[in-house]
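Subject: A structure for you to look at

Hello,

Here is the structure I promised to pass on. Please open it alongside this note, and I will walk you through what turned up.

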Amino acid sequence: MTGPSEPRGEGVSDEGRRGPSSGGDRGRSFGTERADRYPRGARPGQGGDRPRGGQFGADRRGAGGRPVRPAVDLPREVAYRVIAAVHRDDAYGNLVLPAMLREEGLVGRDAAFATELTYGTLRQTGTLDAIISDAAGRDVQRIDPPVRDALRLGAYQLLHTRVPAHAAVSSTVDLVRSVGPGATGFANAVLREIAGRDLDAWVAKLAPATETDPVGHLALAYSHPQWIIRAFSEALGGDLGETERLLIEDNERPPVHLCARPGLADPVQLADEVGGAPGAFSPYAVYLSGGAPGELRAVVEGRAHVQDEGSQLVANALAVAPLDGPDEHWLDLCAGPGGKAGLLGALAAQRGARVTAVEVAEHRARLVELATRGLPVTVLAADGRTVGADPNLPEGHFDRVLVDAPCTGLGSLRRRPESRWRRQPSDLPPLTRLQRELLTAALRAVRPGGLVAYVTCSPHTVETHVTVTEAARRCGLPVDFVDARPLLPAGMPGLGDGPTVQLWPHRHGTDAMFLAVLRRG
């Protein structure tokens with residue numbers, strides 16, 4: 001399943017991003033452990049009845065009543081508070097940041113700057129930790145968490161933006177003065193050491209040699225854990241050159257994609273309405289250049305929703321696949337938060353079909369209900385594995401079934417940058433077991449001759465080819481693979497040899513969605 005699309009500001013200010021000299025953002029594969037020593041009470045981001053600007057930005061008066069500039073400007077404060085919440089509370093940046101921008105009234109260039117600092121720092125955490133450790137002469141995990149997050153924010157400004165070095169250092173020292181007063185001298189020394197080299201020089205100093213440790217070099221240079229790089233490389237046939245291009249793309253800010261709901265919005269007209277452009281592949285996609293998509297009239301009115309183009313393509317592939325016999329009952333077995341159910345519901349409305357959308361978590365089921373209002377969609381708060389035991393999920397009843405299976409989400413690291421540091425190889429066994437059980441339930445739910453689309457937002461071969469092959473082999477039902485490539489728009493490059501399809505950010509500009517289509521015999 002994919003997460004909500006990352007919001008983008010209306011434009012990056014002069015303090016915005018500075019691209020590295022040799023291709024994309026770079027970094028190192030150091031995980032971030034959950035912080036355990038944040039000061040309690042007035043935590044960053046939990047200021048209570050604080051003045052505007054929070055604990056960092058209150059208007060203060062100096063000697064003689066003269067105003068003293070706020071310790072930290074609001075965009076940097078917001079970025080710090082989001083980063084701290086991610087590491088302290090296991091929050092998701094793409095959920096916390098939009099709410100905080102609204103709360104503080106940040107728009108335009110200030111919102112763009114806060115957004116760039118937040119997501120850039122989260123993506124580059126591995127690199128930044130490696131550099132901070134070297135500059136500090138101690139492991140980054142030995143630095144108090146509030147100071148550590150402030151140093152990450154400062155180091156990102158020094159190495160990845162056009163912020164002048166003196167401004168990056170002074171603003172970060174001011175931030176440390178607010179969250180860890182005893183560490184201001186330490187922070188000043190570390191940041192000045194970091195400022196002594198540019199990003200390429202730090203990579204040259206710290207990265208293993210490509211000749212002896214190519215994965216280690218990529219991990220440090222592009223800020224991904226080594227196990228994820230190995231998984232990407234395996235899915236790309238061992239091509240480390242293409243893997244590097246994927247890592248570069250993973251570190252770019254993803255575009256916002258809208259889905260113009262068929263029958264409710266025309267994508268060309270919607271693009272004109274929102275100042276966007278029609279998508280390259282999905283017949284329903286519209287690309288946005290920025291802004292707050294959730295506030296668009298078309299989204300508020302239910303004529304469109306925010307959805308990565310890859311998610312649109314795999315859902316539409318199920319709907320357009322040729323099918324003999326009745327075509328009235330569709331099933332979305334893992335429907336939360338409702339993007340694919342919304343697209344399927346709009347398509348079903350045009351064809352006289354009805355969608356049953358199943359979501360095990362009640363709060364996510366409510367999101368599906370909101371996402372499908374006015375469409376022929378029935379939402380069930382149930383476990384999709386109860387096919388046959390639940391009277392609302394009878395065996396052999398549905399004509400088309402979508403299994404958008406829970407997965408590691410390695411295909412959407414662009415949109416959830418902190419996920420690369422949270423996911424571990426140990427997450428795979430329980431997830432792949434659940435994936436097999438859900439796909440087996442889907443094969444029981446579909447009628448003979450009906451179609452099942454298995455989808456994951458992960459290119460990891462264990463979650464894709466291994467899962468779908470094992471489930472088909474073990475289900476005890478006759479199952480045939482359908483070539484998924486003709487179900488995608490003609491002319492799409494890099495779809496492989498079939499019958500399954502793997503989409504990629506660097507090839508298609510989408511999340512790394514996997515699609516397998518099976519027909520029950």
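Helices here are DSSP runs of H or I with at least four residues, strands are runs of E with at least two, and both are numbered from the N terminus. Please keep in mind that this is a predicted model.

Most residues other than glycine have a negative phi.

You will find Ser223 in the loop between helix H10 (214-222) and helix H11 (226-235). Buried means under 20%, so Ser223, with 0% relative accessibility, counts as buried.

Next, the peptide bonds. Most peptide bonds are trans. A cis bond, however, joins Gly336 and Pro337, with omega about 0 degrees. Pro337 belongs to the loop between strand S7 (329-332) and helix H16 (339-351). Another cis bond runs from Gly498 to Pro499, where omega is near -5 degrees. The loop that holds Pro499 lies between strand S12 (479-482) and S13.

Strand S13 (501-502) comes up again in the second largest pocket: this strand and helix H20 (462-474) each supply at least two residues of the lining. Which residues lie nearest the centre of that pocket? They are Ala235, His465, Gly496, Thr500 and Gln502, out of 15 lining residues. By class, the lining has five nonpolar, eight polar and two charged residues. The space in this pocket is about 250 Å³.

Finally, the chain as a whole. The protein chain has 21 helices and 14 strands. Of its 521 residues, 57% are buried. Among contacts with a separation of 6 or more, 73% are between residues 24 or more positions apart. The accessible surface of the chain comes to about 19800 Å², and carbon and sulfur atoms account for 50% of that surface.

Enjoy exploring, and write back with any questions.

Best wishes

Notes: Residues numbered from 1 in each chain as written. Predicted model: local features only at pLDDT ≥ 70, side-chain atom pairs only at ≥ 80, totals over all residues. Heavy atoms only, no water. 1 Å grid on protein atoms, 1.4 Å probe; cavity = no way out; pocket = protein on both sides within 12 Å on 5 of 7 lines; lining within 4 Å. Points joined across faces, edges and corners; volume = space filled by probe spheres on them. Nonpolar A, V, L, I, M, F, W, Y, C, P; charged D, E, K, R; others polar. Buried < 20%, exposed > 50% of the residue type's maximum accessible area, 1.4 Å probe, protein only. Contact = heavy atoms within 4.5 Å. Areas by Shrake-Rupley, 256 points an atom, 1.4 Å probe, with all protein chains shown as cover.
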